[in-house]
Amino acid sequence: MAHYLEKSGFSVDLLANGRDALAAIAAHAPDVLILDLMLPQVDGLEICRVVRGSAATAAIPIIMLTARAEESDRIVGLEIGADDYLAKPFSPNELVARVRALVRRAQRPAAASAHGAAAGKPVAYGSITVDPERHTITNAGTAVTLTAKEFMLLDYFLQHRGRVLSRDVLLTDVWGYRYTGGTRTVDVHVRRLREKLPLLTKALTTVKQFGYKLLESPDAAE
């Protein structure tokens, strides 16, 4: 994996166990974290928990790797905060594509909302304010920490508010490739957005057996 990533222009740090990984992350946060589930000393799930629990590292994009292919294992990783998931065996080129997609979306400023806000300007939706330039979210003035993928997904909903979006469209446009991990990935990320931003509990509606729609205005949910 390191060989393929380095060939594609990435700088790679290899760490043999979870304890060393946590120390390295604390010393210098990476642009993307690729975690094996079965790391010695501290496993990938625990590293993910620690990274997501710290404000300094919570937004780092995380890709989880494992030999376990069962959906339940994938969902556990996503629930804890992984942005993406690859079950072995997988193509190294697919890993590179997913890393590229995460880096591109985590580093670019979010596009302006479809409601006329100038590029880079904060976008307000009820009590929620998204500042794409600073990559920050506030809810009624209180800072809210989102993962890179959660931020991208929220931004996408804001750009397409009022439209019904299928899970396949969300996977393709937000995840950046034809995702093979199953549409439950979208459901898990939507649930996390609703938990962190209670306004979305009603404003981000589920369209049965299809996808989701963010209402034009949060007032319409009342």
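Helices (H or I, at least four residues) and strands (E, at least two) are DSSP runs, numbered from the N terminus. The peptide bond that leads from Lys88 into Pro89 is cis, with omega near -5°.

Before going further, a word on the model: it is predicted, so local features need pLDDT of at least 70 and side-chain atom pairs count only at pLDDT 80 or more, while totals for chains, interfaces and linings use all residues. Residues are numbered from 1 along each chain as its sequence is written, and side-chain values use heavy atoms, with hydrogens and water left out.

Gln41 sits in the loop between strand E1 (33-36) and helix H3 (44-53), and its phi is near 70°, a positive value in a residue other than glycine. With 53% relative accessibility, Gln41 counts as exposed; here buried means under 20% relative accessible area, exposed over 50%, and partly exposed in between (1.4 Å probe, protein chains only). Ala140, in the loop between E6 and E7, also has a positive phi, near 55°. Ala140 counts as exposed because its relative accessibility is 66%.

Four strands form an open sheet in the order E4-E5-E6-E7, with antiparallel pairing. Its edge strands are strand E4 (123-125) and E7, each of which pairs on one side only. From one strand to the next, the twist averages 25°. Two strands pair if DSSP finds at least two bridges between them; strand E6 (residues 136-139) and E7 pair in the antiparallel sense over 3 bridges. Within this pairing, Ile137 has Val144 in E7 as its bridge partner. Helix H6 packs on the sheet, touching E4, strand E5 (128-131) and E6, and its direction makes about 110° with that of E5. Such angles run from 0 to 180 degrees between N-to-C directions, with axes as lines fitted to C-alpha atoms, for helices over the stretch in contact.

Now follow the chain from the sheet into H6. Thr147 is found in the loop between strand E7 (142-144) and H6, and it is buried, with a relative accessible area of 2%. Leaving aside neighbours within four places in sequence, Thr147 is in contact (heavy atoms within 4.5 Å) with residues including Arg52, Ala58, Gly81 and Asp83. The C-alpha atoms of Thr147 and Thr57 are 9.2 Å apart, although the two are 90 residues apart in sequence.

Glu150 lies in helix H6 (residues 148-159) and counts as buried at 0% relative accessibility. A polar atom of the Glu150 side chain lies 2.9 Å from the backbone nitrogen of Thr147. Beyond neighbours within four places in sequence, Glu150 is in contact with Asp83, Thr145, His189, Arg192, Leu193 and Lys196. Glu150 and Val190 are 40 residues apart in sequence, yet 8.0 Å apart in space, C-alpha to C-alpha.

Our last stop is helix H8 (residues 184-196), whose 13 residues should span 18 Å at 1.5 Å a residue; the end C-alpha atoms are 19 Å apart, which agrees. The expected span is 1.5 Å times one less than the number of residues in the helix. The buried residues of H8 are Thr185, Val186, Asp187, Val188, His189, Val190, Arg192 and Leu193.

Notes:
Polar contact = N/O pair within 3.5 Å; in protein donor to acceptor, adjacent residues only side chain to side chain.
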